[in-house]
Amino acid sequence: MEPLYQYAWLIPVLPLAGAMLVGLGLISFNKTTNQLRQLSSVFVVSLLGAAMVLSFAIFWSQFHGHEPFTRTLEWVAAGNFHLMMGYTIDNLTALMLVVVTTVAFLVMVYTDGYMAHDSGYVRFYAYLSLFSSSMLGLVISPNLIQVYIFWELVGMCSYLLIGFWYDRKAAADACQKAFVVNRVGDFGLLLGILGLYWATGSFEFDVMGAHLEAFVESGYISSGLAALFAVLVFLGPVAKSAQFPLHVWLPDAMEGPTPISALIHAATMVAAGVFLIARMYPVFENIPLAMTVIAWTGGFTAFLGATIALTQNDIKKGLAYSTISQLGYMVMAMGIGAYSAGLFHLMTHAYFKAMLFLCSGSVIHGMEAVVGHDPDLAQDMRLMGGLRKYMPITSLTFLIGTLAICGIPPFAGFWSKDEILGNAFAASPGLWVVGWLTAGLTAFYMFRMYFMTFEGDFRGNITSIKEQIKGAVAEPAPAFGPGAMDRRELEAEDHDHDHGHSESPHESPLTMTLPLLLLAVPSTLVGLVGMPFDNYFEEFIHAPGETVAEVVSHEAAFNWSEFLVMAGSSVGIALIGITVASLMYRMGQIDPSAIAKNFTSLYKFSLNKWYFDDIYNRLFVQGSRRLARQVMEVDYRVVDGAVNLTGLVALISGEGLKYLENGRAQFYALIVFGAVLGFVIVSGLS
C-alpha cells in the first residue's frame with residue numbers, strides 16, 4: 001500500500017473543516033467573522049488548496065501503477081447485516097479528485113473579486129467549501145449507501161447556493177425548483193438502491209454487478225426486474241445531470257451567483273450524475289435495456305439542449321443549455337459502452353465550461369458598471385457587443401472555450417467529442433446522426449454568443465433595447481415557468497444599484513482574470529492526453545474488466561482513414577455552424593429577425609424551451625394545487641361532516657335520554673314492562 005493513501009480521507013475533511021469553522025464563526029460571532037472576511041476566505045481557500053495538492057499526489061501515484069486501495073470500518077451491524085463506511089482510491093477516484101479540487105480552487109479564487117462587495121461574502125465561501133467537501137466525499141465513497149449520503153449533501157448545498165440571494169423571488173423559486181425536481185430523481189435512486197440490495201444482498205459496486213448478472217443468467221431474477229432496478233438507479237443521474245425529462249431545474253439555477261454556476265456546471269452537481277453512472281457501470285453494462293435507455297436519453301438530451309440554446313439571449317442561460325447538451329453527450333457515451341470517452345469528455349468539459357461560466361461572470365461584472373445591478377440587463381446579450389476591446393482577457397479566454405466546446409482541433413473538446421461520435425457511429429448510426437447534428441448546432445449557438453457579446457458595436461447604452469428587455473420581463477409568468485422574475489422587487493431595490501456609473505464596461509480584476517488564464521491552459525492542451533492513436537487517458541481510465549493490454553491493442557489497430565473521415569465530418573459540421581453564425585451575427589449578411597419571422601413556430605418553440613416549463617407548471621404545479629383543493633373539500637365535507645354528524649347524533653340522543661332519567665323506580669319498571677310486552681307481541685306475530 002502506498003503510505004500516502006492513509007491520508008486520503010483528509011481530502012474531503014479539510015474543506016469540511018473550513019466550512020464548519022467559518023460557519024460556527026458566522027453563527028457565534030457574526031459581526032467579527034464578517035469583518036475578517038479576507039482572512040476567512042484565505043483560510044477556506046488554503047484548506048482546499050491543501051486538498052488539491054494531496055489529490056495531485058494521489059493521482060500521480062495511481063498514474064504510476066499503484067494498486068487501488070480501499071479502507072472501510074463497520075458502521076452499522078444488525079444480525080447478518082453489516083454496513084461499511086470508508087474510502088476507496090482507484091484511477092477513477094484519482095481523476096475526479098483532481099478535476100473537482102482544481103476547478104473548485106480556481107472558482108474560490110475568482111469569487112474574491114466577483115463577490116467583493118456582497119454582504120454575504122463569508123457565508124458564500126462557507127457554502128462553497130461545504131459543496132466541495134460533499135462532492136469529494138461522494139467521489140471517494142466505496143459503496144452505494146455512502147454515495148447516496150453525499151449525493152444528498154451535494155443536493156442540499158446546491159439548494160443553499162442557488163438560493164444564496166434568497167431575498168430575490170427568482171432565486172427563491174429557482175432553489176425550490178431544483179430541490180423538488182431532484183427529489184423526483186433521488187426517490188427513484190433510493191428505490192433502485194433498495195431493489196438492488198434486495199436482489200444482490202450488497203451495496204458494493206462490483207459485487208452488485210457480478211451477483212445481478214449471475215442471478216439473471218440462472219433465472220433467479222428476471223431480466224425485466226433487473227432492468228427496472230437499473231433504470232430506477234439511473235433516475236438519480238437523470239436529475240443530477242439534468243437529463244430529459246428532469247432537466248428543467250438547471251437553467252433556473254443561474255439565479256445563483258456566477259461562481260456557483262461554474263462549479264455546478266463543471267465539477268460538482270452535474271458531474272455527480274455521470275460519475276455515478278461510471279461507478280454503477282458493472283451493473284449497467286450487463287443489462288442491454290438499461291444501456292439503451294441511458295444512450296437514447298443522453299442523445300435526445302444533447303439535441304434538446306442544443307435546440308433551446310439557439311435562441312437564448314441570457315448569456316448564463318445559453319451556457320446552461322449548452323451544459324445540458326454536453327452532459328447528454330457524456331450520458332450517451334456511457335450508454336453505448338464508450339466508458340473512457342464519456343469520462344474523457346467529463347474532464348475536458350469541466351475545464352472549458354468552468355472557464356466559459358467564469359468568463360460570463362466577468363462580462364456581467366463589467367456590464368453592471370453600465371446598466372446597473374439588474375440581472376435582466378447585465379446578462380442580456382442584446383445589450384452587449386464590442387466587449388473585446390474593453391475586456392481583452394475575458395474575450396480571449398471565452399473564444400478559447402468556445403473553440404473547445406465546438407470541437408475545433410487541437411482544443412480539448414475536439415478529442416473528447418470526436419471519440420464519442422466515433423464510438424456512436426460504431427454502436428448506433430442513429431445516435432451518431434443525433435450527435436453529429438448537435439455538434440453543428442453547438443458551433444452555431446456558441447459563436448452566436450461570442451459574436452453577440454464581443455464583436456460589433458457596444459449596445460449597452462441604447463435605451464430602446466433596455467426598455468424592450470424590461471417590458472418583456474415585466475410580463476407575468478408562472479413561478480415554475482420561464483422568465484419568473486418579479487420586476488417590482490428589482491425596482492424596489494436600492495436605487496444606487498439600479499443605474500450604472502460608466503459609459504463603457506471594464507475588464508475584471510486580477511483575482512477574476514487569473515483563473516480564466518489558468519483554465520485556458522487545460523482547455524487548450526488537456527485533450528492531447530486522449531488522442532486516439534496514443535491514448536494515455538484510456539490507458540489510465542478504462543472500463544471495469546478491461547485491461548491495459550486490450551486498450552493498447554485497440555490503439556495498435558488505429559485506422560487513420562477512419563479517423564480522418566469521422567473527425568472531418570464533425571469538424572465540417574462545426575465549421576458550417578460557425579460560418580452561419582458569422583454571416584448572421586458578425587457580418588450581418590443574414591437577418592436573424594427575418595428568419596425568426598419566417599419560422600415563427602420553430603423560433604417560439606425554441607425560445608420557450610419546448611414549453612416544458614409551461615407543461616410542468618400546468619400538470620404538476622397547478623394540478624397538485626387543484627388536487628389539494630379537492631382533497632381539502634373532501635376533508636371538509638366528508639371527513640369533518642362525518643365527525644360533526646356523529647357529534648350531533650350524540651348530542652340529540654343525550655338530550656332525549658336525559659328526560660328518561662328521573663330517578664323513579666316505578667317509571668323504570670314501566671319502561672321494562674313495555675319493552676317486554678313489545679318483545680312478546682313481536683314474537684307472537686312472527
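Predicted model: local features only at pLDDT ≥ 70, side-chain atom pairs only at ≥ 80, totals over all residues.
D173 is buried at 13% relative accessible area, while K169 is partly exposed at 35%. My cut-offs are under 20% for buried, over 50% for exposed and partly exposed in between, with a 1.4 Å probe and protein chains only.

Residues are numbered from 1 along each chain as its sequence is written, and side-chain values use heavy atoms, with hydrogens and water left out.

Next I looked up R183, which forms a salt bridge with D186, the closest N and O atoms being 2.4 Å apart. These two are three residues apart in α7, so about one helical turn separates them. D186 is buried, with a relative accessible area of 2%. Salt bridges with shared partners join E152, R183, D186 and K240 into one network.

R183 also pairs with E152, at 2.9 Å between the closest N and O atoms. R183 lies in α7 and E152 in α6, so this bridge ties together parts 31 residues apart in sequence. Both ends are partly exposed: R183 has 24% relative accessibility, and E152 has 23%. Searching the whole structure, I find 11 salt bridges.

**Entry: the end of α7**

Helix α7 covers residues 169–200, and T200 belongs to it. T200 is buried at 7% relative accessible area. Not counting residues up to four places away in sequence, T200 touches M208, H211, L212 and F215; contact means heavy atoms within 4.5 Å.

**Entry: nonpolar cores**

Which residues touch the most other members of the largest nonpolar core? They are W249, M280 and F284, in a core of 190 residues. Helix α16 (residues 339–371) gives the largest share, 19 residues. I take a core as a set of buried Ala, Val, Leu, Ile, Met, Phe, Trp, Tyr and Cys residues joined through side-chain atoms within 4.5 Å. Leaving aside neighbours within four places in sequence, F284 is in contact with A230, V233, F234, I277, A290, M291 and I294. A second, separate core has 15 residues, including A295, I336, W432 and I573.

**Entry: cysteines**

How many disulfides does the structure hold? I find zero, taking a disulfide as a pair of cysteine sulfur atoms within 2.5 Å. The sulfur of C157 is 13 Å from the closest cysteine sulfur, in C175, which is too far for a bond. C406 is in no disulfide either, and the nearest cysteine sulfur, that of C359, is 14 Å away. C157 is buried at 1% relative accessibility, and C406 is buried at 2%.

Terms used. Helix = DSSP H or I, 4+ residues; strand = E, 2+ residues; numbered from the N terminus. Salt bridge = Lys/Arg side-chain N within 4 Å of Asp/Glu carboxyl O.
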